[in-house]
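Please read the following report alongside the sequence and the model.

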Amino acid sequence: MSAVPHEPLSQAEVLLEGFLALDTPEGFRAELIEGEIVVTPPPDGDHEDYISVIMKQVIRHARTDMDFSGNKGLKLRSGGGCPKNHVIPDGTFAPTELRLYRGADPWMPCEGVALVVEVTSSKPAADRTGKRHCYARGPVPLYLLVDREESSVTLFSDPQGDDYRQHCTIPFGKPIRLPEPFALDLETEPFI
């Protein structure tokens with residue numbers, strides 16, 4: 001029996017294989033963001049409350065019927081020499097008519113996703129910068145960031161390349177407009 005020569009794996013391929021082989025403790029989640037493996041502990045109650053407030057408003061008031069998935073793995077384009085990003089948004093919305101989540105793999109492409117939501121927790125820099133760039137490269141049309149340290153909500157829109165060309169930041173307590181296909185004013189008063 002002769003040995004078959006194998007091409008050496010690139011650093012990005014080794015990182016991706018290592019990431020996909022991780023066995024994180026129950027309740028924790030691992031993401032591959034901009035070439036860095038990020039492991040996050042389970043969220044606290046306030047974090048989940050913010051997600052619940054947003055989800056209920058979108059489901060009840062969006063102009064387009066939306067489906068919601070919490071913690072759905074997304075595969076997004078890589079940046080530079082990094083492997084393909086594997087990100088788990090706190091919340092993902094897609095038009096119901098697409099039935100995007102039905103039959104989806106644990107890590108699915110982001111095509112059809114209308115909005116991703118992140119609520120800052122123990123690693124806010126990843127939400128503010130790394131994930132923003134990943135979602136823009138997706139491209140995910142809208143990224144809503146609830147920043148608990150800053151007591152603000154930012155909607156990023158119009159993705160191009162590695163970033164969003166537009167963003168609107170408002171303090172907790174004021175409504176923020178979610179454009180089509182949502183066409184609703186998201187109330188942030190409950191965040192106070």
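## Overall make-up

The chain has three helices and 13 strands, where helices (H or I, at least four residues) and strands (E, at least two) are DSSP runs numbered from the N terminus. The model is predicted, so that local features need pLDDT of at least 70 and side-chain atom pairs count only at pLDDT 80 or more, while totals for chains, interfaces and linings use all residues. Residues are numbered from 1 along each chain as its sequence is written, and side-chain values use heavy atoms, with hydrogens and water left out.

## Burial and contacts

Of the 192 residues, 44% count as buried, meaning under 20% relative accessible area with a 1.4 Å probe and protein chains only. Among contacts (heavy atoms within 4.5 Å) with a separation of 6 or more, 55% join residues 24 or more positions apart.

## The six-stranded sheet

Six strands, in the order β3-β6-β8-β9-β10-β11, form an open sheet with mixed pairing; two strands pair if DSSP finds at least two bridges between them. Because β3 (66-69) and β11 (163-171) each have a single partner strand, they stand at the edges, and one side of each is left without a neighbour in the sheet. From one strand to the next, the twist averages 20 degrees, with angles running from 0 to 180 degrees between N-to-C directions of axes, which are lines fitted to C-alpha atoms, for helices over the stretch in contact.

## A parallel pair and its helix

Strands β8 (residues 115-119) and β9 (residues 142-147) pair in the parallel sense over five bridges, and glutamate 118 has leucine 145 in β9 as its bridge partner. Helix α3 (residues 124-137) packs on the sheet, where it touches β8, β9, β10 (152-160) and β11; the direction of α3 makes about 170 degrees with that of β9.

How values were computed. Buried means under 20% relative accessible area, exposed over 50%, partly exposed in between (1.4 Å probe, protein chains only).
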